Amino acid sequence: MEQTIVQIPTEKLLPNPYQPRKQFKSEEMLSLADSIKENGVLQPLLCRQINNSDYYELVAGERRLRASILANLQTVPCIIISCDYEDSAIYSILENIQRSNLNFFEEAQAIGHLINQFGLTQEQIGKKLGKSQSALSNKLRLLRLPVDVRYFIEKEGLTERHARALLKIDNEKDMWTSLKVITDRHLNVEQTEAYIDSLTDKKIKPKKTVIKIFKDIRIFVNTVDKAIATMKEAGINAESDKTETDDYIEYRVRIPKSAQQCNNSA
């Protein structure tokens, strides 16, 4: 890779179509533009020449290019690297992820591009980024959320953990209901997780059925206890042992044969 720095006109620099960063906050861009006016572009942009023309495709540095244009710079310092279209796309995505310039949805989409369009494995991406495969899998799971749900989460400033909690909900209608509760009540992450857990628990464990079964068992147990008590009141020395586990209740009742003989004599 050549490290020669050249000045390239800003109108000759084209954005990378695989630039994963989609949002450029106005306040940050104006602040960076002011810094560039005062100090210049301190870190050169990376670009590649397009088909031996006088146009170049950005590999890294779109924020600096946009801020430079805001600062009315006519040229910007660049390092021209030799790479093909695919390598340029991969490098752009990896560079943005490593710089942590992306929000969590943009990062998930960038990882998805590397896998689906360029055939990289999670193991390969993990090595390049210094991330575990489980961390990458958690990021990719965010893409299961509908696009409009993702947009709302970004707009409302909710966190990645808020988004992950919503993955427990299996239909979009319930997701929107939950999002309304989360935003109206200003729920933090822990409160959101508890709220969504309460919704999913209701669906998995129907309380009425559990209570009915529990009452039926107690009726049976009480009946046995009353029968033994009645025998004892009648002078029959009945004995009982009750064993209770998580799976069953076991009764052993012992009635002396002498009690039966006494009854027959009577």
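Which residues does threonine 10 touch, not counting residues up to four places away in sequence? Threonine 10 touches Leu65, Ile69, Leu73, Gln74, Thr75 and Val76, where contact means heavy atoms within 4.5 Å.

The model is predicted, so local features need pLDDT of at least 70 and side-chain atom pairs count only at pLDDT 80 or more, while totals for chains, interfaces and linings use all residues. Residues are numbered from 1 along each chain as its sequence is written, and side-chain values use heavy atoms, with hydrogens and water left out.

Threonine 10 sits in the loop between strand 1 (5-9) and strand 2 (13-14). Helices (H or I, at least four residues) and strands (E, at least two) are DSSP runs, numbered from the N terminus. Isoleucine 69, one of the contacts of threonine 10, belongs to helix 2 (residues 62-70).

The table gives relative accessibility; buried means under 20% relative accessible area, exposed over 50%, and partly exposed in between (1.4 Å probe, protein chains only).

| Residue | Relative accessibility | Class |
|---|---|---|
| Threonine 10 | 12% | buried |
| Isoleucine 69 | 45% | partly exposed |
| Serine 178 | 0% | buried |

**The largest nonpolar core**

A nonpolar core is a set of buried Ala, Val, Leu, Ile, Met, Phe, Trp, Tyr and Cys residues joined through side-chain atoms within 4.5 Å. The largest one has 20 residues, and Phe105, Leu145, Ile153, Ala163, Leu166 and Leu179 have the most contacts inside it. Two or more residues come from each of helix 4 (104-116), helix 7 (147-155), helix 8 (160-166), helix 9 (172-184) and helix 10 (189-204). Helix 9 contributes the most, four residues. Isoleucine 153 touches Phe104, Phe105, Leu145, Leu158, Ala163, Leu166 and Leu179, not counting residues up to four places away in sequence.

**Helix 5 against helix 6**

The axes of helix 5 (residues 122-129) and helix 6 (residues 133-141) come within 9 Å and cross at roughly 110°. Axes are lines fitted to C-alpha atoms, for helices over the stretch in contact, and angles run from 0 to 180 degrees between N-to-C directions. The two helices are therefore roughly perpendicular, a class that covers 65 to 115 degrees. Gln122, Glu123, Ile125 and Gly126 of helix 5 meet Gln133, Leu136, Ser137 and Leu140 of helix 6.

Technical notes: Angles under 35 degrees count as roughly parallel, over 145 as roughly antiparallel, 65 to 115 as roughly perpendicular and the rest as oblique.
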